[in-house]
Amino acid sequence: MKAQVARIMDDSITPPLPATVSQPAASVVGVSKRFGKTSVLENISFDVAEGEALVLLGASGSGKTTILRIIAGLEQPYTGKIMLHGREVTELPARERGVGVIFQSYALFPKMTVEKNIGYGLRIRRRRRKEIRNTVNELLSLVQLEEHRKKYPSQLSGGQQQRVAIARTLAYKPEVLLFDEPFGALDAQTRVHLRREIRALLKKVNVPAIFITHDQEEALELGDRIAVINVGHIEQIGTPREVYNNPATEYVATFLGAANILEGTITHGHVVVGSAQMPARLLDDRFHDGQAIKLIFRPEDVLLNKTQEFPVGHVCLSSGVVEEISFVGAYERLRIRLEASGGACETTDQPYYLTTETPERQNAKPVIATRPKPETNAFRLHAGDRVFLGLSSFTILPNDARTSATSHPIITPSKQ
Amino acid sequence: MMMPLVFLPLASIFIFGTSSGLGNFWSALMAPEAVFALKLSMVTSFWATTFNVLFGLFAAYVLSRYNFLGRNALIVTISLPTAIPTAVAGFALLLLWGPYGTLGRFLRPQGIQVMFTAGAIVLANIFVTFPLAFGVIKPVFDTMSRSLEEASATIGATRWQTFWHVTLPSLRGAIVSGALLTFARAVGEFGSTILVSGNLAGRTQTAPLYIFAKFNEGQIEAANAIAIVLALFSFLIFSVLFFARDWLDVD
């Protein structure tokens, strides 16, 4: 089953994807994999367009590395096939596929100098010496390692080793580059610096790339698109904005960034959470009256206000009491407990409904909100203050656990 | 402790050997039978080493890269000669290849004699030093990152190219030290060679056998000259082993 891409309902702009008029650079079609009796991948399918960077994001053990190894030809799939530029390569051994793998450990050959490492692919292809020398020189200047050409890998820093590993694969013009946790072995600062460098490098050489990572920040920054992998299947695939703003599943919402999740029901076209209710124009007939749902919203989408008069584009959720405020540098994080009764926002257009949820249970779950500095300064809050919570964006998913991996339209007040 | 047990016996070889002057030492060393014995030791040890390093390399590759039924049993079998007394090893070879041995009795009518030749010494050396190179090379294979070989494969190398360009260079240090160990052990081998070689002076007498023979004949100086050479030789190999690992394994 192919995960559907969430339709964007807010005003985010989808970055234009590289033209997909021709065939994709790489396709994974219905791949599944078993180790013994354990199924590690279930029916994985996705395409990578020419020049595109796709990130496979998942926790360790999600099977993302196995997907990479299957594309590289280092593992065989149980079912399904791998296509590279329209050519099926499922049966080909790794060495005939022409993919470039940048291993987590970089796997540079320790007994070869930088230039020997880079020239390896051409040497084993028995290219002429002059051609090898020219290609190596070009690549050395591309990755800015000219002065290190005679050094051995152990004499280089992690970032330099990574650049050698990339240049080594670029030498034989790979069909696709596969990066296995490329920044796992580096410290936080180098990591941020390097992923910008790699992003720029990839744009320059225009080779499609697939990244494997468990780091959501890395995924958002590196990927033209992100595929979120969970226990062997794709939860959602889409642009970073789509995946972040319109998570298709609860897993995606919580794995990518922080999310508040409240259980509720649909009642007369309203989202009802505890004693709170919000008007919600439902765009999908899969939501029906009385259905159990989950209301998902990000801490930064919560606007706190003294009154229930919210600016246009916000929907008032409920009132609550600030329990705790913590200062986390760039912003302020607040824990707010929704009020059990009488906290509901007044709405004029619809009657008032209660859910089947007991107020006690709803109240057990506090909401986390974050506020940037200007907002913090404009409206100072202290623990114990009573505030109204407005949402600028939220997602509603049917509350039937994992069975439905597809996205459902979300309701965003700004478009109403 | 070390003094009477190790240093004094060694020192006494040198003290005794040079006591009657370097000239005597030199003429004892240059006796035709002595020269032959030293040469024979070197040549037979060389072939045993060559065989065992190649075999050890192959066995280590197969046993660390592939998992199959009976793998551990095979590892134990290969390592077994370490524990077998050398005299038993020599005796076993006699029972197999000797004129009335299991195989030897079929070869004798063809005019092929295996025992009591230089070939027999090589066979004995191979048997006794069998696990040494394997034992040094296998751990290096085991700890070698698989991703190097996988990287080489994705870059487009065949299995053989990968072995030659990537795997082998990382094994350089292990191969050299495995070879030196094997060689040193083979040169000094006594227990098995005395049984299989026949100990014929000038034909199948290796250096350790020469020492033994001359000592029995009461020619202490002749025995001592060779003893000094063998002792110096083992010092040499030991110091190479000691320092070589460092410069062979520099990345």
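Colleague: What do the buried residues of H2(A) pack against?
Modeller: Two helices of chain A and one of chain B: H3 (129-142) and H4 (158-170) of chain A, together with H8 (146-155) of chain B. This is a predicted model: local features need pLDDT of at least 70, side-chain atom pairs count only at pLDDT 80 or more, and totals for chains, interfaces and linings use all residues. Residues are numbered from 1 along each chain as its sequence is written, with chains lettered from A and ligands numbered from 1 in the order in which they are written.

Colleague: What makes H2 of chain A mostly covered?
Modeller: Eight of its 11 residues, within 114-124, are buried. Buried means 20 or more other C-beta atoms within 10 Å of the residue's own. Among them are A:Val114, A:Ile118, A:Tyr120 and A:Leu122. Just after H2(A), A:Arg126 has a positive phi of about 55°.

Colleague: How do H3(B) and H7(B) cross?
Modeller: The crossing is right-handed. H3 (residues 32-65) and H7 (residues 118-143) of chain B pack at about 40°, their axes 6 Å apart. Axes are lines fitted to C-alpha atoms over the stretch in contact, and angles run from 0 to 180 degrees. The residues of this contact divide into 20 nonpolar, seven polar and two charged.

Colleague: How many residues does each chain give to the contact between chains A and B?
Modeller: Chain B gives 16 and chain A gives 21. Contact means C-beta atoms, placed from the backbone, within 7 Å.

Colleague: Which element gives the most on the side of chain B?
Modeller: H8(B), with seven residues. H9 (159-187) of chain B also gives two or more. By class, that side has seven nonpolar, seven polar and two charged residues.

How values were computed:
Buried ≥ 20, exposed ≤ 12 C-beta atoms within 10 Å, placed from the backbone. Helix = DSSP H or I, 4+ residues; strand = E, 2+ residues; numbered from the N terminus. Left-handed = near helix turned anticlockwise from the far one by under 90°. Nonpolar A, V, L, I, M, F, W, Y, C, P; charged D, E, K, R; others polar.
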